Amino acid sequence: MSATPLTVYLPFNRDAIGQEFEPAKGAKDTPAQEGQWILVQEQGLVLPAGDGVQLPAGPMPKGLVDHAGAPFWLGTWKGVPVWTAAVPKGVPLPDGYRRETLVPMQNTKLPDDLLSLGGMAMQALWWESTSGHCPRCGEATTRIANEWGKKCARCHYEHYPHLHPATITLIHDGDRCLLARKAIWAPGRYALVAGFVDNGESFEGCVRREVKEEVGVDVTDIEYVGSQNWPFPSQIMVGFLARYAGGEIAVDKEELEDARWFPRDQIPGTPSRHSIAGFIINHYARKERTKA
Ligand SMILES: [Zn+2]
């Protein structure tokens, strides 16, 4: 019996930074506006030019001061304040700076700790850009003390950063598993079945519904594997294994181009070390090997 690990060390999960990060939200005093900078432009981090992956340090880089959005303090990493700000699309970077993508599918070169810090910053910036007004009455909101949440001055509605839960499932049947592909994907790419949790739905209910809707089969023995925070812009991906229980493959042609069974040792493409999908596939392979 293989136990599911208590902590999933995937990039974008805060666990990947370990104990070295203290979030700003509960702190009494805001430090001076310098330290390390998570400057986000078009899902990438602004870094000093060269091959290194160090964050800009000191005050905000000259040349961006007039262009970046209002900076705010994200937290303290390894004892140094980390500040974040959005750099609008199209703003040219000053000499001596470059941009490195945060997107795993674009072959990011960032290490896991910077992906996780960058992901938190992206979500915080997204929240700032979408929470300035009350979603009920439209009045301007103010920050709730020691929280990321915002409160409406008029109707007192409080809201907190919105994470959108989605399930992602590997359907297996002994030594084979069922994968699906979208027409827009690169030829040969197949992936797990994923979808957003609906109102009133449990994670298990979401798995059963998404699998039935997208590929037409029934599943049982739904087993939680792990989860990953996915900041593009604000999902939490919850990973499962589900055992095939019957039915013929019937592909939802609005969503997918094809779905088919693959032998366990012939899953197309190498699972990415960055994604929960790879984590789930590896978990399944390990489990099957243990059985054999
Ligand atoms: Zn309101």
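Biologist: Where is Lys78 found in this model?
Modeller: Look in the loop between strand E5 (72-77) and strand E6 (80-86). Keep in mind that this is a predicted model. Lys78 has a positive phi of about 50 degrees, although it is not a glycine.

Biologist: Is Phe12 buried or exposed?
Modeller: For that, you check the relative accessible area: buried means under 20%. Phe12 comes in at 4%, so it is buried.

Biologist: OK, on to the metal. Which residues coordinate the zinc ion?
Modeller: Cys134, Cys137, Cys152 and Cys155 do, each through its SG atom, at 2.3 Å. Along the sequence, these donor residues follow the spacing C-x2-C-x14-C-x2-C. Take the pair Cys137 and Cys152, 15 residues apart, which links distant parts of the chain. Cys137 sits in the loop between helix H1 (112-130) and strand E8 (141-143), while Cys152 belongs to strand E9 (residues 150-152).

Biologist: Why is the arrangement around the zinc ion called tetrahedral?
Modeller: Go by the angles: four donors count as tetrahedral if all of them lie between 85 and 135 degrees. Here the four donor atoms subtend angles of 98 to 119 degrees, so the arrangement is tetrahedral.

Biologist: How do I read accessibility for that cysteine pair?
Modeller: Cys152 has 1% relative accessibility, so it counts as buried. Cys137, at 28%, counts as partly exposed.

Biologist: Last one: which peptide bond is cis?
Modeller: The bond from Phe232 to Pro233, with omega near 5 degrees. Pro233 lies in the loop between strand E14 (218-230) and strand E15 (235-246).

How values were computed: Residues are numbered from 1 along each chain as its sequence is written. This is a predicted model: local features need pLDDT of at least 70, side-chain atom pairs count only at pLDDT 80 or more; totals for chains, interfaces and linings use all residues. Side-chain values use heavy atoms; hydrogens and water are left out. Helices (H or I, at least four residues) and strands (E, at least two) are DSSP runs, numbered from the N terminus. Buried means under 20% relative accessible area, exposed over 50%, partly exposed in between (1.4 Å probe, protein chains only). Donors are N, O and S atoms within 2.8 Å of the metal (3.2 Å for Na, K and Ca); water is not among the atoms, so sites may look incomplete. Four donors count as tetrahedral if all angles lie between 85 and 135 degrees; four count as square planar and six as octahedral if opposite donors are over 155 degrees apart and all others between 65 and 115; anything else is irregular.
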